[in-house]
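Okay, hi everyone, thanks for coming. Let me put the structure up, and then I'll walk you through a few parts of it.

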Amino acid sequence: MIDRIELGLWIFMLATFIGFQVITRVPPLLHTPLMSLTNAISGISLVGSLILAGAGRGALATTLGAVAVFASTINVVGGFLITDRMLKAFRRKPRAAAIRGGTA
Amino acid sequence: MIAWGDWSLIALYLLAAMGFILSLKWLSHPTTARRGVRAGELGMLAAIVGTLLHAGVVDVRWILIAAFAGSAVGAVIAVFVPMTAMPQRIAFSHACGALAAALVGTAEYLLSRSDIESFTMAVLGLEMVLGYLTFTGSMIAFGKLQGLVRDRPFVYRGQNVVNGGFLVSGIGLAIALTVSPQRVELLPVLIGVALVFGVMFVIRIGGADMPVVISLLNSFAGLSGAALGFVIQNPILIVAGALDGSSGFLLSVFMCRAMNRSFANVLFGGVGQLDSGEAVEKRPVRSTTAEEVAMLLDTASLVIVVPGYGMAAAQAQHKVRELTDLLTRRGTEVKFAIHPVAVRMPGHMNVLLAEANIPYDQLIELDQINPEFPRCDVAIVMGANDIVNPAARHDRASPIFGMPILDVDAAKCVVVVKRSMRSGFSGIDNELFYLPQTMMLFADAKQAAGDLVHEVARLPAMVTA
């Protein structure tokens, strides 16, 4: 049986490795959207905030949790919406877009 | 605590992890990038649903109120923030995420300190230090970029020693808590030290280097999320945190490389302090008018535009696009040379130009565009300075020596649009301005682009093939 901490370390190591691999493939053209998208993903602390705010572990936990939920949803919602807004702007030359049926 | 045997939770979390990985993978090309955002959103949704349904959540009243308020604020920011303000928007967002992670960590410590393993406590200490320092650090970065805090680096003698002292005491406190978790009185000290360190760490770095800092803070926010994952034994936090940690780290390395500076130089070097005191000798430059430039453009077959911070600051990108359209219609090929740190954040210039409807296949990166300058008839430098300074190639004494630059000086004719002869961010003179083929068009970038549109439109219709 693997210990939970050990399992966590394995997950961390593999995810870091995948992170390095996929991120080196992102072209400089998209580095700002990348920063924005990873910022949105770092709003994952929302998960921890939800558990804390909803577990009914007393007033202090609920208060801190609610503040944390508030802060992290700003991060998540703002992050994803604005990344999409940025990417919406990226388009090819009109000619190329026409060939592809103007789906861009 | 999560029951690991709960299969639907496991499925949702696995889905979330796949969503996050695919979202970063799809960001590798503009055509799939938006699909990447969808994948990320779905991943986050799966993580939230899984958490709400299973992870011991019994009371959702406060969650609903807080989440609704947070979503409203986030959406308002997303809709109204201008694209030029992207770096500070990201900084603010980091501050929010880091604050959440730090608060959860703090509550977790307060609730479970009586019975906590040393490993968990050590990770928790690290998590709180990272979370709180990222919170204040990001707020300072936000303030600097927004112009609320003085943009210039705040430096004093012995600063590195003081900052180092704060860092060491932060770590020391975390260790002390690990050894004896019951010493609650140490918690406020730890939080205070981390908060102050965040301020001290960022305040000494100049506004122009903020993107490197923001990216590094992204990495910290990710690591603090991952650490929280270890503490509350939640795998999706570990996965997302690790992805962010590596992304932020890599991006800040890329940025430093694009400026040919080391990490240490950016973080501890007191940058922007380069002695600009030396009197710059007044050398003659050739001044020109929009009308004259239009005549040059009339016969040009390849025009390369080099946009820089000045263009973004003047919001000239829409006028520049009009000019591009006019020239393209006349049969002139127009390309944009994008330096990796053109607006001081990698890829930021691409976003600004894309928003102005300039197709991304016209935006060419440094390595691809440099060989094209010799056959370029007119290079238009729009509010860029250091990134086109030939001194970076040959002048060993120059502070920017070794930084990769755009070889604009190889073009047959160079038009530099600039408000005045004042030097750029690094405070050094640019020999490009004094070359025989260089002409200076003294104007605000927006004004200049507008004048050029006007003049080019007045040119007689293209007669040559």
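Let's start with a strand pair: strand β5 of chain B, residues 414-418, pairs with β6(B) in the parallel sense, over 5 bridges. By pairing I mean that DSSP finds at least two bridges between two strands. One of these bridges joins V417(B) to its partner L441(B) in β6(B).

Quick housekeeping. This is a predicted model, where local features need pLDDT of at least 70 and side-chain atom pairs count only at pLDDT 80 or more, while totals for chains, interfaces and linings use all residues. Residues are numbered from 1 along each chain as its sequence is written, and chains are lettered from A, ligands numbered from 1, in the order in which they are written. Helices (H or I, at least four residues) and strands (E, at least two) are DSSP runs, numbered from the N terminus.

Back to the sheet. In chain B, 6 strands make an open, parallel sheet, and the order is β3-β2-β1-β4-β5-β6. Which strands stand at the edges? Those are β3 (363-365) and β6 (438-442) of chain B; each has a single partner strand, so one side of each is left without a neighbour in the sheet. From one strand to the next, the twist averages 25°. Angles here run from 0 to 180 degrees between N-to-C directions, with axes as lines fitted to C-alpha atoms, for helices over the stretch in contact.

There's a helix on that sheet too: α14 of chain B, residues 348-355, packs on it and touches β1 (302-307), β2 (333-338) and β3 of chain B. The direction of α14(B) makes about 145° with that of β2(B). Contact, by the way, means C-beta atoms, placed from the backbone, within 7 Å.

Now the domains. An automatic or database assignment sets the bounds, and for chain B it gives domain 1 (81-268) and domain 2 (290-458). The contact takes 12 residues from domain 1 of chain B and 14 from domain 2 of chain B.

Last, how do the two chains meet? In chain A, 79 residues are in contact with 97 residues of chain B. On the chain A side, α1 (4-24), α2 (31-41), α3 (45-54) and α4 (59-89) each supply at least two residues. The largest share of that side, 29 residues, comes from α4(A).

That's my tour, happy to take questions.

Conventions. Two residues are in contact if their C-beta atoms, placed from the backbone, lie within 7 Å.
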